[in-house]
Each structure stands twice: as structure tokens, then as C-alpha cells.
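This report describes one protein chain for a reader who is new to structural analysis. Please keep the sequence and the model in view while reading.

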Amino acid sequence: MNVICTASTLKSPLEAFYSNSTVLISGGNGFLGKVLVEKLLRCFDVTRIFLLMRAKNDEDVEIRVGKFLKESVSEEFKNLELFFKMFW
């Protein structure tokens, strides 16, 4: 089941909370982190998302960021140009 977020004239309390906000996510490299980032970018008007990443298992941060960007949860999201809002 694909859930698509649509624009509405009325904002929910959650949409109002994230509207024009900056979000910090730690531990965003895992499956749940990827789902969270995709949901924030797709459904909410966030200004920026900061991902807190660390080196792990002899992989530096740059390699982990590359993997994060390549290994998107949904195929359709790989085509979206929303990653310009993300910083690491």
C-alpha cells in the first residue's frame, strides 16, 4: 500500500509543527532513520534536516553518507530531488 501525501488547505497539528522547521536526527542511517527522513522530506515542509553520523566499522562518514543516499527505502524516492535539504 503506497501512502501519498497530498496538499491540503487545512494543516494538521503535525504539519504545523514541522512547517519551516529544522530537524536534527541522530542514528538516521538505519532502516527507521531512512523511513523518517523520507517521510519528513515528502510530507512536511521542513527547511533543513541535519543527520548526525559517525564513522563505524572502518567506514568514514563520507562513505556512510554515500550509502545512505544510494540505499533509499522506496524506489520512487530515489528520483526525487529533495536531498538538497539534508546536511551531515
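Helices (H or I, at least four residues) and strands (E, at least two) are DSSP runs, numbered from the N terminus. In these terms, the elements of the chain follow the order α-β-α-β-α-β from the N terminus on, with three helices and three strands.

The model is predicted: local features need pLDDT of at least 70, side-chain atom pairs count only at pLDDT 80 or more, and totals for chains, interfaces and linings use all residues. Residues are numbered from 1 along each chain as its sequence is written, and side-chain values use heavy atoms, with hydrogens and water left out.

**The chain as a whole**

A residue is called buried under 20% relative accessible area, exposed over 50%, and partly exposed in between (1.4 Å probe, protein chains only). Of the 88 residues in the chain, 31% are buried. The chain exposes about 6400 Å², of which carbon and sulfur atoms supply 58%; such areas come from the Shrake-Rupley method with a 1.4 Å probe, and for residues, only the protein chains shown count as cover. A contact means heavy atoms within 4.5 Å. Among contacts between residues at least 6 apart in sequence, 67% join residues at least 24 apart.

**Strands E1 and E2**

Two strands pair if DSSP finds at least two bridges between them. Strand E1 (22–26) and strand E2 (residues 48–52) pair in the parallel sense over five bridges. Threonine 22 stands opposite arginine 48 in E2, and serine 26 stands opposite leucine 52 in E2. On E1, Val23 and Ile25 form the covered face, while Thr22, Leu24 and Ser26 form the uncovered one. On E2, the covered face holds Ile49 and Leu51, and the uncovered face holds Arg48, Phe50 and Leu52.

Together with helix H2 (residues 31–43), E1 and E2 make a right-handed β-α-β unit. Right-handed means that, with the strands pointing away from the viewer, the path from the first strand over the helix to the second runs clockwise.

**The nonpolar core**

A nonpolar core is a set of buried Ala, Val, Leu, Ile, Met, Phe, Trp, Tyr and Cys residues joined through side-chain atoms within 4.5 Å. The largest one has 14 residues, of which Ile25, Val37, Leu40, Val46, Ile49 and Leu51 touch the most other members. E1, H2, E2 and H3 each supply at least two residues of this core, and the largest share, four residues, comes from H2. In soluble globular proteins, nonpolar side chains tend to be buried together.

**Residues in the loops**

Serine 19 lies in the loop between helix H1 (13–18) and E1. Its side chain and that of lysine 11 are joined by a polar contact of 3.1 Å. A polar contact is a pair of N or O atoms within 3.5 Å; within protein, one must be able to donate a hydrogen and the other to accept it, and residues adjacent in sequence count only if both atoms are side-chain atoms.

Arginine 54 is placed in the loop between E2 and helix H3 (61–70). Arginine 54 counts as exposed because its relative accessibility is 54%. Not counting residues up to four places away in sequence, arginine 54 touches Val61 and Arg64.

Most residues other than glycine have a negative phi.
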